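Please open the model in your viewer and keep the selection tool at hand. The stops below say what to select next and what is to be found there.

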Amino acid sequence: MKTAESKPVLSIKKRLITLTVAAATVLIAISWSLIFAESKHEIDEIFDARLGQSAKLLALSAPQLLKMPAEQMDQFYEDWYQGISNHASFSDDDPTPFGHPYEQKLMFQLFDTQGKVLLRSPGAPSHPLSATDNIGYHPITFDDQLWRSFQIRLPFSDGSQVAAFLVVAEKQAIRDELIDEIAFSTGIPQLLLIPCLALAIILLVNYVMQPVGELQQALSQRTINKLHAIRVSQPTVELKPLIDQLNYLLSELDKAWVREKRFTHTAAHELKTPLAVLRLNAENALSSDNPADLQSDLSHILKGIDRTDRLIQQLLMLARVESGNTFSFSHLDLMECLREVIASLAPLALRQEQNLSLDGPSSLTIEANLPLLHSLFSNLIDNATRYAGEHADINISVQTSEPDQVLIRVCDSGQPIPDAIRERMFEKFFRANTERGDGAGLGMSIIRDIAELHGGTISLEPQSSTGKNCFLVTLPIKTGHIQ
């Protein structure tokens, strides 16, 4: 079965040159045909007009010529044609003092209704060339050659009122020869024009396609470690959107590559310590003979597993948030989301005898991504329960604010957060009070990124008079689809 890869690769430049030259050749051939047809028509008109004019001139002089003895008139014609033959022995194209050699390809004849030839030119037959009813233009055949003739009827007043007919004929070969010469003279330059036009088209196409060549060369130089923006010296209207989109894709690919390297480095660095601790505790448990020590080592292993699992979940969430993907948003109940988060963290709060409370409306619909929003509040409230200490009060309050915003405060009555820690609270991998937590310093950074994905913000409010630590999350009620 043929695949897309097996299809031949076409060259736009070659196809453009080939099709343009072919189209130009066809147009030149059509133009030559039209010129040939129009020239033939014009030549036929000129020669026909000359035949008609010659016939009329002969008709006017015919009465005078008929008064001349036939022998004398024949002698005049013989002398004229002899003079033409003597002077035109070297060429049939040059005129002579006695006329033009082409006169031998013309003839005329005057005959009456009885078929008697009254007057004729040398070379014309002694019998009528045409019937008496062939008035006007007609083709005739004489001496196995085609002639173009024009015939008129004229009366003579000699007492008998005998009518006569005058025929003037010209060889069709003269016209064909002239038409062939015109066709040749017009066709040769046009035939020579085709290779010149092809060369011009090749040069122009190569010049116009230079930006495409630059783009091709620039793309061939891009590697996974070289993803900077593409620059073309002569950008065009057609290529600019493509270059902009390619630069956008290269930028996104570079960001994804940086994120992947950072994630790999971070995962390796952050997992190294807890895995080493797990290994050490496992080795101690294997070599321990004391049940109390064994129980302690196993307890440390479980805690290490929990810490490692939480670290992995945070790393995965960080990678998902930083991936740059477009998340789908839908209408959801914010209060229901907060109640689910509080319910999931209630056992941890009860273990430390903490008081968890939620204040706000019974229902509040916003537009958001439920998994991301759940992760935001899980991390925020989880941090409060872990660092606030035993018997602490943790309060979550929700209220709306203009224009179309909702404010969520998470306050705890734990030890006040020092100013030095406040400034670095949302930095990645920053951990304060490491002796009281087992995180990787990613929770607050993930919370900030999720809030920004929803078009919102998170901040640590100044220390209140009650001494509580309050985090303020501001979210728009209608976020739309935000990337």
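Begin by selecting Asp-48, which in this predicted model sits in helix α1, the run of residues 12-67. Its relative accessibility is 13%, and because the threshold for burial is under 20%, Asp-48 counts as buried. If residues up to four places away in sequence are set aside, the contacts of Asp-48 are Tyr-137, Arg-148 and Arg-175.

Next, select helix α3, residues 172-208, and draw a line between its end C-alpha atoms, which lie 52 Å apart; at 1.5 Å a residue its 37 residues should span 54 Å, so the two values agree. Colouring the buried residues of α3 will pick out a set including Arg-175, Ile-179, Ala-183, Gly-187 and Gln-190.

Stay in helix α3 and centre on Ile-179, a buried residue with a relative accessible area of 5%. Leaving out residues up to four places away in sequence, Ile-179 touches Phe-36, Lys-40 and Ile-43, while the C-alpha atom of Asp-44, 135 residues away in sequence, is 9.5 Å from that of Ile-179.

Then move to the largest nonpolar core, which has 41 residues and in which Leu-334, Ile-366, Leu-373, Phe-377 and Ile-408 touch the most other members. Among the elements that each supply at least two residues of this core are α7 (334-351), α8 (370-387), β9 (393-401) and β10 (405-412). Selecting Phe-377 shows contacts with Leu-334, Leu-338, Val-341, Asp-382 and Ile-408, again without residues up to four places away in sequence.

Finish at another core, apart from the largest one, whose 14 residues include Ala-59, Ala-62, Leu-154 and Ala-164.

Definitions and conventions:
Residues are numbered from 1 along each chain as its sequence is written. This is a predicted model: local features need pLDDT of at least 70, side-chain atom pairs count only at pLDDT 80 or more; totals for chains, interfaces and linings use all residues. Side-chain values use heavy atoms; hydrogens and water are left out. Helices (H or I, at least four residues) and strands (E, at least two) are DSSP runs, numbered from the N terminus. Buried means under 20% relative accessible area, exposed over 50%, partly exposed in between (1.4 Å probe, protein chains only). Contact means heavy atoms within 4.5 Å. The expected span of a helix is 1.5 Å times one less than its number of residues. A nonpolar core is a set of buried Ala, Val, Leu, Ile, Met, Phe, Trp, Tyr and Cys residues joined through side-chain atoms within 4.5 Å.
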